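Please look over this model with a view to its sheet and the helix beside it. A short report follows.

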Amino acid sequence: MAFERLDPAASASAPGTWRPEMPAGLVVACSDGRHQEELDRFLRTLGVQDYDRVYVPGGAGALSPSGGEHTRAHRMRTDCLFLIQAHQLERVFLFFHGPAPGGPEPAVCGDYQRKLPGRSAGEIAHQQDVDAAQLLHGVFPSHVSLHVYRIEVLPDSSVRFVLLHSAEGRRSH
Ligand SMILES: [Zn+2]
């Protein structure tokens, strides 16, 4: 494979400046680029501007074994806990995604199709519900607020954000 010369503009300075303040939260979502604009817009409506992001296949599902992938889930959880601790994050937003009931089949999360081959969209949505519930207990420190959503594509291709779980952080003092 030949490497092309870099465009000189590629090293031009970007608008804005780096800021030393730590971000306010952590967002875990699927790498699937089809949701990124809607997700960015949704986070802005929540007032979430500066946040650490873990974008991996499956999104919040990557933190769940979903029956078999314990090693991967453990590694992903460790990465998220590192960010929470290192940046003193207090809000965590977890996103699953897939079609709403009756929504388009291609909207099923590819990572869940990989983990659970042959399952229907409804079965995968059920597994996501199970995984979401498991992430509520003992995964994140109790002081963080945890908000779990599924990004759902409706039959008309519009997108909605369904809140699956929400728990405010508990102060220990
Ligand atoms: Zn996905």
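## Sheet and helix packing

In this predicted model, five strands make an open sheet of mixed pairing, ordered β2-β1-β3-β4-β5. Strands here are DSSP runs of E, at least two residues, and helices are runs of H or I, at least four residues, numbered from the N terminus. Two strands pair if DSSP finds at least two bridges between them. The edge strands, β2 and β5, each pair on one side only. Neighbouring strands are turned by 20° on average, direction ignored. Axes are lines fitted to C-alpha atoms, for helices over the stretch in contact, and angles run from 0 to 180 degrees between N-to-C directions.

β4 and β5 pair in the antiparallel sense over eight bridges. His147 has Ser166 of β5 as its bridge partner. Helix α4 packs on the sheet and touches β3, β4 and β5. Its direction makes about 165° with that of β3.

| Element | Residues |
|---|---|
| β2 | 51-55 |
| β3 | 91-99 |
| β4 | 145-153 |
| β5 | 159-167 |
| α4 | 121-134 |

Ala132 sits in α4. It touches Ala60, Phe96, Val148, Leu164 and His165, not counting residues up to four places away in sequence. Contact means C-beta atoms, placed from the backbone, within 7 Å. Ala132 is buried because 20 other C-beta atoms lie within 10 Å. The cut-offs within 10 Å are 20 or more for buried, 12 or fewer for exposed, and partly exposed in between.

Residues are numbered from 1 along each chain as its sequence is written. The model is predicted: local features need pLDDT of at least 70, side-chain atom pairs count only at pLDDT 80 or more, and totals for chains, interfaces and linings use all residues.

Key
Contact = placed C-beta atoms within 7 Å.
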